[in-house]
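Please open the model in your viewer and keep the selection panel at hand.

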Amino acid sequence: MHVLPYLVAAYVFLTGCYGLATSRNLIHAVGCLAVCQSATYILLLAVGYRDGATAPVFSDLEPGTRPVVDPVVQALTLTDIVVGATVTALLLALVLQIAKRHGTIDPDELRELRG
């Protein structure tokens, strides 16, 4: 089993977490969350990958003659992409409303939001 995709996924996730922890801008924070989300794409595709496997289309193959990649993992990755794009759009809309109401997108200057 190759370990490189898992290391790449961990690196991308930690890069996004570092950017999120050091961010002084809400738009930058949303972008860093999107980077963290992209690490899950790499991880899911690494789990479903098989050496020497073909696409899961059985038009010209007898079932069981050649290994195929897992189509469930590919479907989960596509679903993850759609959900990630939706969450990013929602968070950017919330940042836009915060900028309109409070006049800033710096999280340290949002005094009214503290409890």
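**Helix 2 against helix 3**

Begin by selecting helix 2 and helix 3, whose axes come within 10 Å and cross at roughly 175 degrees; axes here are lines fitted to C-alpha atoms, for helices over the stretch in contact, and angles run from 0 to 180 degrees between N-to-C directions. Helix 2 is therefore roughly antiparallel to helix 3, where angles under 35 degrees count as roughly parallel, over 145 as roughly antiparallel, 65 to 115 as roughly perpendicular and the rest as oblique. Helices (H or I, at least four residues) and strands (E, at least two) are DSSP runs, numbered from the N terminus.

Before going further, note that residues are numbered from 1 along each chain as its sequence is written, and that this is a predicted model, in which local features need pLDDT of at least 70, side-chain atom pairs count only at pLDDT 80 or more, and totals for chains, interfaces and linings use all residues. Side-chain values use heavy atoms, with hydrogens and water left out.

Now show the side chains between these two helices: among the residues of helix 2 that meet helix 3 are Leu26, Val30, Tyr41, Leu44 and Leu45, and the partners in helix 3 include Val73, Thr77, Asp80, Leu91 and Ile98. Contact means heavy atoms within 4.5 Å.

Select threonine 77, which has its place in helix 3. Is threonine 77 buried or exposed? With a relative accessible area of 5%, threonine 77 is buried, on a scale where buried means under 20% relative accessible area, exposed over 50%, and partly exposed in between (1.4 Å probe, protein chains only). Leaving aside residues up to four places away in sequence, threonine 77 touches Tyr41, Leu44 and Leu45.

Select alanine 9 in helix 1, a residue that is buried at a relative accessible area of 6%. Which residues does alanine 9 touch, not counting residues up to four places away in sequence? They are Ala39, Ile42 and Leu43.

Valine 35, in helix 2, is partly exposed at 33% relative accessibility, and it touches Val12 and Gly16 when residues up to four places away in sequence are not counted. If you draw a distance from valine 35 to aspartate 51, the two C-alpha atoms lie 27 Å apart in space, while the residues are 16 apart in sequence.

**The cysteines**

Select cysteine 32 and cysteine 36, each of which counts as buried at 8% relative accessibility. How many disulfides does a search of the whole structure find? The search finds 0 disulfides, a disulfide being a pair of cysteine sulfur atoms within 2.5 Å. The sulfur of cysteine 32 has its closest cysteine sulfur in cysteine 36, at 7.1 Å, which is too far for a bond. Cysteine 36 is likewise in no disulfide, and the nearest cysteine sulfur to it, that of cysteine 17, is 3.8 Å away.

**The salt bridge**

The structure holds 1 salt bridge, defined as a side-chain nitrogen of Lys or Arg within 4 Å of a carboxyl oxygen of Asp or Glu. To see it, select arginine 24 and aspartate 108, whose side chains meet at 2.7 Å, N to O. Arginine 24 lies in the loop between helix 1 (4–21) and helix 2 (26–48) and aspartate 108 in the segment after helix 3 (71–102), so the pair ties together parts that are 84 residues apart in sequence. Arginine 24 counts as partly exposed at 45% relative accessibility, and aspartate 108 also counts as partly exposed, at 34%.

**A last stop in the loop**

Finish with arginine 66, in the loop between helix 2 and helix 3, which is partly exposed with a relative accessible area of 44%. Arginine 66 and threonine 54 are 12 residues apart in sequence and 7.7 Å apart in space, C-alpha to C-alpha.
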